[in-house]
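Thanks for coming. I will go through one model today, starting with the ligand and then moving to a few strands and a helix.

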Amino acid sequence: MLKFISNKGGGTPVNFETAILDGFASDGGLYVPEHLPNISNEQLKAWKNLSYIDLAFEILSLFIDRSIVSEMELKKLLKDAYASFEKEETIPLHPLTSRKDTYVMELFYGPTLSFKDVGLAFLVNLVNFFLERKNEHLSIIVATTGDTGPAAAYFAAGKSSLNAWVLYPKDMITEEQERQMTTLPHLNIHPVGVSNCPDGADDLDLVISKLFANKRFKEKLQLSSVNSINWGRVMMQTVHYFYGYFQVVDTIGEVVHMAVPSGAFGNLCAGSLARKMGLPISTFLVANNKNACLHRIFSEGIFSKQNIIETESSAIDILIPYNFWRYLYFCVDKDGVKIKTWMEEFKNTGVVKFDAETFESYSKGYLSYSASDDQTLAVIKEIYDAEEYLLDPHGAVALVAADNLRDQLGDGKIICLATAHPSKFPESIQRVFGTDKLPAAAKHHSIEKAKHLCEKVHLCDHSHLEEALMNAMESNWDLNRLPL
Ligand SMILES: Cc1ncc(COP(=O)(O)O)c(C=O)c1O
């Protein structure tokens, strides 16, 4: 049976269910499979024409032992998870007409209109499935730059085995994203708007890791996380790389590059592991905005944190790409001690400069770019004017990277991952077109509907978030467990 271990090398191997329910490994590391499955070209050929759900079934079966989730259970979990997606193909591929061999992977047809739905639809269902089977209850806590929170809240809403605490940096996400969390009426959903976060959502991640480190609190509240620290998110997100590749090639082995808008390296970690498993992606284009943490890693070999810059692509205003450590583990012969040492060095000094051998091992097959807001808005306008196709600012960051790195790629098709629907970022779209000439595609009925609903939210200042959150979470937990 495939076991899961910490990328920091501590603790003991656990089974799939424990890895999913724990979130973090016991030594504070990230769970990784003991080994990655090897997928042959024959296997890839056999999967080429599968639907998204059937393909997901095959890929997930490589990680999930049948004694933990049976074939029938896994099929049902997947079918239920993606039933709420707007498009039959789940994640359609859209060819651009103004660029040669360039496609947009539309990852935003889930109920909260971002690619976070793709991972969380399945993961939250799976967590709930495990809990119901054990008759247990869990508190999940997530930090969000505006998309994970709505998706986690949507899929957890009304599930009696889950309480979801969703933390967001107040005034650093769009009003539309905020309302997706605050207008849910369900009693098990607790949005928390946090003011004065100097480092945006990264500050919230820090508080969450402190709560996890508090053993008494973690155990009493049965704390877990569905942020992309959870292996289930990364595993699920590998599927769209396979699916996208199969959609654009005639034969397995054809050259394909993928441009991915990123901040925390969650989505890119999944793509990178898909490639390590055998998917022949040629080059990953790491697309940052001006918060260029990943660009520094892939162009200079430096993992460092700088002050946050608020950009048009606010969901990737992220300073610490923690999932990079998970990917790096597989580039350094699974040496957990090395990863632990670097993670501690970063914690203590705020910077890690990788040696030449390490840089070579992780950066091969990657190019990176840091897109400005002007470039982002300009490409949205250009594509709309040329082909009446509306990108959101994050998909636009991916296309800016593709446009600027295209000359270094040689042959091959390019897939740009569009990770959100433009209706989540109306102010950016207005800055492109003006308020009176907004394209119809800039609206979505679910966003419009939320404008007419009451909001319910906890508000808190960052300076006392840890204590306030512990009090609120604990009293809610006790209240729900009082004998009737
Ligand atoms: C719209 C959008 N695009 C891209 C990302 C990047 O996610 P990650 O860096 O975890 O892959 C996020 C998440 O934070 C997002 O909300």
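The model is predicted: local features need pLDDT of at least 70, side-chain atom pairs count only at pLDDT 80 or more, and totals for chains, interfaces and linings use all residues. Numbering starts from 1 along each chain as its sequence is written.

Which residues come nearest to the ligand? Of the 17 residues around it, they are Asp-147, Gly-266, Asn-267, Ala-315 and Thr-419. A residue counts as near when its C-beta atom, placed from the backbone, lies within 6 Å. Helix 11, residues 266–277, gives the most to this shell, with 3 residues. Helices (H or I, at least four residues) and strands (E, at least two) are DSSP runs, numbered from the N terminus.

Next, strand 4, residues 102–106. Buried means 20 or more other C-beta atoms within 10 Å of a residue's own, exposed means 12 or fewer, and partly exposed is in between, with C-beta atoms placed from the backbone.

What does strand 4 pair with? Pairing here requires at least two bridges found by DSSP. Strand 3, residues 93–95, pairs with strand 4 in the antiparallel sense over 3 bridges, and His-94 has Val-104 as its bridge partner. The hairpin of these two has 6 residues between the strands, and there Asp-101 takes a positive phi near 50 degrees. Strand 14, residues 413–418, pairs with strand 4 in the parallel sense over 5 bridges, with Ala-418 the partner of Glu-106.

Last, helix 16, residues 373–387. Its buried residues are Gln-375, Thr-376, Val-379, Ile-380 and Ile-383. They cover an arc of only 140 degrees around the axis, so they sit on the same side of helix 16; the arc is taken over the directions from the helix axis to the C-beta atoms. Asp-374 and Asp-385, on the other side, are exposed. After helix 16 comes Glu-388, with a positive phi near 50 degrees.
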